[in-house]
Amino acid sequence: MASYSTYMPIFRDRWLSPKSYAAATDEELMRRVQAGETEGMGELFRRHGERLYRYCWRMNQNRQLSEDLVQEAFARALRFQGTFREGHRFEPWIYQILRNLQTDYWRRQRFEGDWDDEDMAAEAGKGLTADAEVAKQQETELLYAALARLPAEKREVLVLARFEERPHAEIGAMLGCGEGAVRVRLCRALESLRQEYRKLLERRTT
Amino acid sequence: MKESEFCAYGERSLPAYLDGSLEAEAARTFAGHVAGCAVCREQVKLWDRLAALPVEPPSETFRQGLPGMARRTVARPLVSDRVAAWGMAAMLALLAGTGGYWLGAREGAQQVALVKKDVEHLRGLVAVGLLQQPSAVDRLRGVNYTARLSAADEGVVEALLTTLRTDGSVDVRLAALEALRQYEGRPRVRQEVSKALRREDSPMVQMVLLETLAAWRERSAEVELAALVADEAVEQGVRERARQLLAQWREKLEGLGLRQ
């Protein structure tokens, strides 16, 4: 288990990626982190940070929140490095940490009455395409708004399958279900998206 | 899903069609179906459009990597505007005071680090000040404020431990415990959290204490756990969880051949 002094340098020192890290696999880096070379986490962040951010952003469409969640996920990965097991892959592990953080965040916000899907849907996609053509911008906003209206589980399966382009088997492993179940969920999510999109489109035209 | 808009064929084949895993013949047949089925056609269209959706890029600080992650908290700031304004004014005064020297100094990076440290110290003071307020809401804010510190000093950690030990509000004690979780590497924190179990009388806090100790695998808390199990005044569910945890730990030790 990481001691305080083991993980604190992360917040003090500059994070460099020595050349020796470039050739190492994620899992080798994790082993080095576990052996006390906490700087290895900086290289892991460099490799995965942005992709995790994009996943998060598509889930909540909020830059600050997504950045915070990803950074917190890496801080937790460092704090709970002992739970990373030999023979497992780093990426699903860090995703799981991030997903847990995200779920906790939503649960807390809902509990505090601070999170409003309607608000998120209303804000969704705004300001993204300020310079793009108006029609395209509207379509983008509408599609993001429809996405934001889906329950988190449906949104997640779409984000993982479409934006992340992950194979169904991998998504199944992440969500704790079989490949067949992923396909069913995906299809239902797409159908819900279609219905939400239509509703928004109708509302806009009227 | 409306009955009229449901497409069973689509539900069966669409995901495989979209990810290209349908066999050539099946894919051709399904493509023919898509052309004639409004539901499937719209879904395929949406699927294509989704790929083109832009993402707001992350900030420069984020891109620079982990140095920028000065432990920003996930929770929204809970400090009231008044307190935040006071803290901000104090920080600005401090920055202005050191600014002249700072700007003139050649070794800028070192000065920035010093100023940051001072600001951090000041934040710590604000947090401790809040923890001593008579209002539970203010104390709760104080606890949440500590989570924003990159590295809380001894004073802040002690204030949190005192809050956990003595605060009259269950909510504040729970929040203090949550904030203390990040200091699991400090032996004193682990010890005090174990001890808190003995004093705590709220079943809710007792449960969270148990879960914290379980997550930390704090086996030195065995005595406290045993006391809890034996105490008939303690809520049944709490005793059961303590019993479970104790059994788990003992089983593990036995498995390792460390206990007869």
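Predicted model: local features only at pLDDT ≥ 70, side-chain atom pairs only at ≥ 80, totals over all residues.
Guide: A:Glu165 is exposed, having 9 other C-beta atoms within 10 Å. Residues are numbered from 1 along each chain as its sequence is written, and chains are lettered from A and ligands numbered from 1 in the order in which they are written.

Visitor: Where does A:Glu165 lie?
Guide: A:Glu165 is in the loop between α10 (152-163) and α11 (168-175) of chain A. Helices are DSSP runs (H or I, at least four residues), numbered from the N terminus.

Visitor: And what is the phi of A:Glu165?
Guide: The phi of A:Glu165 is positive, about 50°, although the residue is not a glycine. Most residues other than glycine have a negative phi.

Visitor: Now A:Gln61: buried or exposed?
Guide: A:Gln61 is buried, with 22 other C-beta atoms within 10 Å. This residue is found in the loop between α5 (40-60) and α6 (63-79) of chain A. A:Gln61 is not a glycine, yet has a positive phi of about 55°.

Visitor: Which residues of α4 in chain A are buried?
Guide: In helix α4 (residues 26-34) of chain A, A:Leu29, A:Met30 and A:Val33 are buried. Viewed down the axis of α4(A), the buried residues fall within an arc of 100° (taken over the directions from the helix axis to the C-beta atoms), so they line one face of the helix.

Visitor: What follows α4(A)?
Guide: A:Gly36 follows α4(A), and its phi is positive, near 110°.

Visitor: Turning to chain B, how do the axes of α10 and α12 cross?
Guide: The axes of helix α10 (residues 187-199) and helix α12 (residues 222-230) of chain B come within 9 Å and cross at roughly 15°. α10(B) and α12(B) are therefore roughly parallel to each other (an angle under 35 degrees).

Note on methods. Axes fitted to C-alpha atoms, helices over the stretch in contact; angles between N-to-C directions. Helix = DSSP H or I, 4+ residues; strand = E, 2+ residues; numbered from the N terminus. Parallel < 35°, antiparallel > 145°, perpendicular 65-115°, else oblique. Buried ≥ 20, exposed ≤ 12 C-beta atoms within 10 Å, placed from the backbone.
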